[in-house]
Amino acid sequence: MTEHVQTLLDAVALGSIYGLMAIGIGLVFGVLRLVNFAYGQLVMAGAYALALTQDVSVVLSIALCFAVVLALSLAMELAAFRPLRNASPTTMLVATFAISYLLQSIALVRFGAIGKILVVIPQLTKPLTIGSLHVRWITIVTILVAAGVFAALTLFLTRTSIGLQMRAASIDSETARLLGVRANAVITVAVLISGAIAALVAVILPMAVPERILVTPDYALRETIIVLVGVVVGGIDRLLTATLGGFTMGFLVGALSGFLPSSGSWPFTSSVYLDSAVFMLVIVVLLLRPEGLFTRSRRSVVDRV
Amino acid sequence: MRRGDLVQLLGPIGLVVLVGIIGSLGFVSPDRQVEILGALVSVAIVVSLYVFVGNSGVVSFGHVSFVAVGAFAAGVMTIPVTLKPTITPGLFSLLARHSLGNVPSLVLAALVGGVFALLVGIPLMRLSGLSAGIATFAVLGVTHNILGNWTKIGPGPLTLTTIPQTTGMLQGTLGAVGVVLVAFAYQRSRFGRKLRAAREDPAAARAAGIDIHRERLWAFALSGTLCGFAGGLFVHQAGTLQAGDVYLDLTFLTLAMLVVGGVGSLWGAVVGALVVSALGSFLLDAENGDVGFVNDLLGKPLWGGSRLVGVAAFMALVLVLLPSGLTNGREFGLPRLPRIRRPVRGSAS
């Protein structure tokens, strides 16, 4: 029984991390209509910043991580997203694909293929014991941080002027611009918030997921792929549905890897086929609800003239 | 065919044949020959991808799955029967007890790729836009995961070795030319024209009675068949194969080649594949210190790993500066001479 509770708690924590990444990707999609495949490389850059500064104080190291990731997101916006603003969504997706590979290969050339071990705050990886239940502190912290970020962002989007402008721009950017919303300012703020969330994930991920303790050039790539898929499956048009999509994928991955047996000779019978199982579910969901699992209105699938 | 059409076909074919001839010349070093052969195989894969992506306008991130099943089918079935128990011990007995020759294995690869694409395409071609892209990506994920783990149909997490390296310069050139010919025939056919019409204006095409779903499905299946065949060429060139060889990196590289050349034209697919391959070999030479002016400029060879950075940076640059690619989505044409204006006699053209 307690075993199942632990698995479920871990799954919720993983879902929270994926949900955070989904917020980062969904925010930028909202204002730019751009699916950022290079999002994981922001996390990778942050993780390298942390891993290379482990001998200085934790606060300084985390501050540096945020600085690096924010600078990199801003550079991405200025150098790539801005010139591509009127390109088709697929051109933009392929372009971020290229940026992702560019950053990965730079990391590979600069830091090598052998990973660096990263533990940001060792105290957080210790377990908390309640009766027979052992939960690591980081699991609880992750869930709380994700909930906090989501709540803060909801307040920001509904209570502040720039947040309202951001929502307006994501619903209808042209009308919003006609009504005096400064597109570049709104986009820059969205890109920066998205970058800050990537930096946060870079701090949490190596502690929360045991196999992510090693920082390599393809760090967070697998997470990005699953989150991207989750965001589209959930419904990329709204931040809430996108976040729910990301969370669901993380929860599913966590729960399935906990409950599936570790070996089996046929596909889908063991946890090595976890990816297959998740992606098959994704295909089924996309076929049944192409506009998103959590979106309310059923718009016609056929494009109107 | 009119003369202009012939020129459109001769451009890509001439370029591929030229590359093949250069590769067969006596003074070309064996290393360089391997690179040229790799470029020809890339042309085959990218043109196969173009048959669907270029004609339909729907980006697919899943086409490497058809390359992968083709490569695994051709690889597993050409290993000598006596070696199979050591290389892939878990195989189904039917697969373990038989082996095929070179050409039958290529046919098998094409068949497997085509059937797989058809089965996948029947449900998936109903989707469009971002959902279609993500769904094809999910297909790639499933294919990679199963090929990389299921030992009854292949090596699983291990590497397939001792595959006969039968893709020589002649076969590579012929293979690439064959794929280009099929792609050209398709895009000039009734089916290709219908699909291109649907790409330009879905609503008008539908109003004209075109069944977009069906046309996309045909293109997807044809494209999958060609990808499977190209996968066969790929595996017979490499000689070894593991699931990671035909996954994200190859997807990125082939999409990059197609987009760099220009998604909209066959000429663009061929040019993109060759230009990116050439850039890759040039940077590799520069890393090894074989390029004089780079050595002079830097005082040392290019940093190790520059090839990866260079190709990715080049692709990002082309995308940002020329979103419709080097060929701007146009087919090959000879430069036109300035025409002398003459009074039109009789009917035009």
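B:P30 is found in helix 2 of chain B, where helices (H or I, at least four residues) and strands (E, at least two) are DSSP runs, numbered from the N terminus. This is a predicted model, in which local features need pLDDT of at least 70, side-chain atom pairs count only at pLDDT 80 or more, and totals for chains, interfaces and linings use all residues. Residues are numbered from 1 along each chain as its sequence is written, while chains are lettered from A and ligands numbered from 1 in the order in which they are written.

Is B:P30 buried or exposed? A residue is buried if 20 or more other C-beta atoms lie within 10 Å of its own, exposed if 12 or fewer, and partly exposed in between, with C-beta atoms placed from the backbone. B:P30 has 6 other C-beta atoms within 10 Å and is therefore exposed. Its C-alpha atom is separated by 25 Å from that of B:V179, a residue 149 places away along the chain.

B:S42 is also found in helix 2 (residues 30-56) of chain B. B:S42 counts as buried because it has 24 C-beta neighbours inside 10 Å. Two residues are in contact if their C-beta atoms, placed from the backbone, lie within 7 Å. Not counting residues up to four places away in sequence, B:S42 touches B:M257, B:A273 and B:S277. The C-alpha atoms of B:S42 and B:L274 are separated by 7.8 Å, although these residues are 232 apart along the chain.

Helix 2 of chain B also packs against helix 11 (residues 212-238) of chain B, at an angle of about 170° and with the axes 8 Å apart. Axes are lines fitted to C-alpha atoms, for helices over the stretch in contact, and angles run from 0 to 180 degrees between N-to-C directions. The angle makes helix 2 of chain B roughly antiparallel to helix 11 of chain B; angles under 35 degrees count as roughly parallel, over 145 as roughly antiparallel, 65 to 115 as roughly perpendicular and the rest as oblique. Among the residues that make this contact are B:L37, B:V41 and B:F52 of helix 2 of chain B, and B:R216, B:F220 and B:F234 of helix 11 of chain B. The residues of the contact divide into 15 nonpolar, 6 polar and 1 charged. Here Ala, Val, Leu, Ile, Met, Phe, Trp, Tyr, Cys and Pro count as nonpolar, Asp, Glu, Lys and Arg as charged, and the others, Gly among them, as polar.

Helix 12 (residues 248-261) of chain B and helix 13 (residues 266-287) of chain B pack at an angle of about 120°, with their axes 7 Å apart. That angle makes helix 12 of chain B oblique to helix 13 of chain B.

Next comes the core. A nonpolar core is a set of buried Ala, Val, Leu, Ile, Met, Phe, Trp, Tyr and Cys residues joined through C-beta atoms within 7 Å. Of the 214 residues in the largest nonpolar core, A:A98 and B:V47 touch the most other members. Helix 8 (residues 183-208) of chain A gives the largest share of this core, 16 residues. Not counting residues up to four places away in sequence, B:V47 touches B:V179, B:V180, B:A183, B:L266, B:A269 and B:V270.

How many residues does each chain give to the contact? It takes 38 residues from chain A and 35 residues from chain B. On the side of chain A that touches chain B, the elements that give two or more residues are helix 4 (89-111), helix 9 (221-234) and helix 11 (274-288) of chain A. Helix 4 of chain A gives the largest share of that side, 15 residues. The residues of that side divide into 31 nonpolar, 5 polar and 2 charged.

Some local features of chain A remain. A:A220 lies in the loop between strand 4 (214-215) and helix 9 of chain A. Phi of A:A220 is near 65°, a positive value in a residue other than glycine. A:A220 counts as buried because it has 28 C-beta neighbours inside 10 Å. A:R33, in the loop between helix 1 (2-32) and helix 2 (39-52) of chain A, has a positive phi of about 55° although it is not a glycine. With 17 C-beta neighbours inside 10 Å, A:R33 counts as partly exposed.
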